[in-house]
Amino acid sequence: MKRIKSVLVLSLGILFSTSAMAEWPEQNITIIVPAAPGGTTDIAARILSEKMGKELGQSVVVENKAGAAGIIGTQALVRSKPDGYTLIMGNIGPNAINYSLYDSLPYKKEDFAPISLVISVPNVLVVNEQTPVNTVDELIKYVSDNRQHQTFGSSGKGQSPHMSAEMFMQRANLKAEHIPYKGAGPAVSALLGNQYTFMIDNLPSSLPSIKSGKFKALAVTSDERVAELPDVPTMKEAGIDNMVVTAWFGLLAPAGTPDDVVNKLHKAAKNALESEDVKARFAAMGGQPGGNTPAEFAKFIEDQQALWADTVKAANLKMD
């Protein structure tokens, strides 16, 4: 009789557990954006959240937690409960570059459960429309000859735009002071106000200013020209060799999130990324949609961490 009761209790436990999982999600889901509004991380999260919410039958809201090269938002994610209700739009900065750039971080590689790559985009070298240069060579000479113009901005220390600019200056034998901002939105606003000389930005956040004529695009960091800016050369075409950089953004959950929940999130993200309107909106940003599996995304992140460790070492860069 005791054995029958034990089996019954166990069966009921499995039944209730399965039922509860089948009902997930039962509340709103939050995607943390570890940057200010207006940048590619933010734009991609908002496009994806709308579609994922419809797929999952719950609202998916975006919460911006900017600062410290994505560390503040990332730390908030790893401190959250691993139940699938708090996610992050991770990116190349906090999830790859930071590990080799900082001696100490309030999180480690094992703190995350990758879900899927969301979007990959090239970076673009831009200047204010009033800056008297139209090519990369002219920019190099302008910055070299004018001490007061030896400044560049970025969306934050250690982010892809910052590291791309450092790489560019190495290859161009150029020196300039870095002015970091809390996200691409503030960095773009500052360049619109001519508060520094140049920036290498993720294409989506600078594209509206380029198309409106407020920014001049001098080169893209992709290996081929981008359809949205067919007249803008690649870095190689502009005379800067070995300068191909792709910025990426993807969904992650806290480590320990149940596999079934991760798989549901992946399915919802993949379906969203395969929808025609999302593909069209990403294409208009110069981006390629992701959708790979959690295992594939985990391997991708691991490879990116190794790649940027070599780059940071070669650049002799370290942050406090």
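**Note on a predicted model: helices, loops and backbone features**

1. Helix α6 is followed by Asn173, a residue with a positive phi near 55°. The structure discussed here is a predicted model. Helix α6 itself covers residues 160-172, 13 residues in total, and reaches 18 Å from its first C-alpha to its last. That span is close to the 18 Å expected at 1.5 Å a residue.

2. How many of the 13 residues of α6 are buried? The count is 11, and the helix is thus described as mostly covered. Among the buried residues are Ser160, Pro161, His162, Met163 and Ser164. Ala165, Glu166, Met167, Phe168, Met169 and Ala172 are buried as well.

3. Gln159 belongs to the loop between β5 (151-154) and α6. Its relative accessibility is 10%, and because buried means under 20%, Gln159 counts as buried. Leaving aside residues up to four places away in sequence, Gln159 touches Ala69, Gly70, Asn91, Gly93, Pro94 and Ile97.

4. Gln150 is found in the loop between α5 (136-145) and β5. With residues up to four places away in sequence not counted, Gln150 touches Val143, Ser144, Lys175, Ala176, Glu177 and Thr197. Gln150 and Ser59 are 91 residues apart in sequence, and their C-alpha atoms are 46 Å apart in space.

5. Two packed helices are described by the angle between their axes and the distance between the axes. For helix α2 (residues 40-56) and helix α9 (residues 259-273), the angle is about 120° and the axes are 9 Å apart. That angle makes α2 oblique to α9. The crossing of α2 and α9 is right-handed.

6. Which residues of α2 meet α9? They are Leu48, Lys51, Met52, Glu55 and Leu56. On the α9 side, the residues met are Lys264, Leu265, Ala268, Ala269, Asn271, Ala272 and Leu273. Sorted by class, the contact of α2 with α9 has 8 nonpolar, 1 polar and 3 charged residues.

7. Helix α2 also packs with helix α10 (residues 276-284), at an angle of about 180° and with the axes 11 Å apart. Helix α2 is therefore roughly antiparallel to α10. Ile47, Glu50 and Lys51 of α2 make this contact with Asp277, Val278, Arg281 and Phe282 of α10. By class, the contact of α2 with α10 has 3 nonpolar, no polar and 4 charged residues. Lys51 of α2 takes part in the contact with α9 and in the contact with α10.

8. Gln58 is placed in the loop between α2 and β2. Gln58 has a relative accessible area of 21% and is partly exposed. Gln58 and Glu26 are 32 residues apart in sequence, yet 7.5 Å apart in space, C-alpha to C-alpha. Not counting residues up to four places away in sequence, Gln58 touches Pro25, Glu26, Gln27, Asn28 and Gly53.

9. Pro25, one of the residues touched by Gln58, is joined to Trp24 by a cis peptide bond with omega of about 5°. Pro25 lies in the loop between α1 (2-23) and β1 (29-33).

10. Helix α8 (residues 203-211) has 7 of its 9 residues buried, so it is largely enclosed by the rest of the structure. The buried residues are Leu203, Pro204, Ser205, Ser206, Leu207, Ser209 and Ile210. What covers them includes α2, β4 (112-128), α7, β7, β8 (215-220) and α10. Helix α8 is followed by Gly213, whose phi is positive, near 85°.

11. Ala68 is not a glycine, but its phi is positive, about 55°. This residue lies in the loop between β2 (60-64) and α3 (71-79), and at 44% relative accessibility Ala68 counts as partly exposed. Asn194, likewise a residue other than glycine, has a positive phi near 60°. Asn194 lies in the loop between α7 (184-192) and β7 (198-202). Is Asn194 buried or partly exposed? At 35% relative accessibility, Asn194 counts as partly exposed.

Notes
Residues are numbered from 1 along each chain as its sequence is written. This is a predicted model: local features need pLDDT of at least 70, side-chain atom pairs count only at pLDDT 80 or more; totals for chains, interfaces and linings use all residues. Side-chain values use heavy atoms; hydrogens and water are left out. Axes are lines fitted to C-alpha atoms, for helices over the stretch in contact, and angles run from 0 to 180 degrees between N-to-C directions. Helices (H or I, at least four residues) and strands (E, at least two) are DSSP runs, numbered from the N terminus. Angles under 35 degrees count as roughly parallel, over 145 as roughly antiparallel, 65 to 115 as roughly perpendicular and the rest as oblique. A crossing is left-handed if the near helix is turned anticlockwise from the far one by less than a right angle, and right-handed if clockwise. Contact means heavy atoms within 4.5 Å. Ala, Val, Leu, Ile, Met, Phe, Trp, Tyr, Cys and Pro count as nonpolar, Asp, Glu, Lys and Arg as charged, and the others, Gly among them, as polar. The expected span of a helix is 1.5 Å times one less than its number of residues. Buried means under 20% relative accessible area, exposed over 50%, partly exposed in between (1.4 Å probe, protein chains only).
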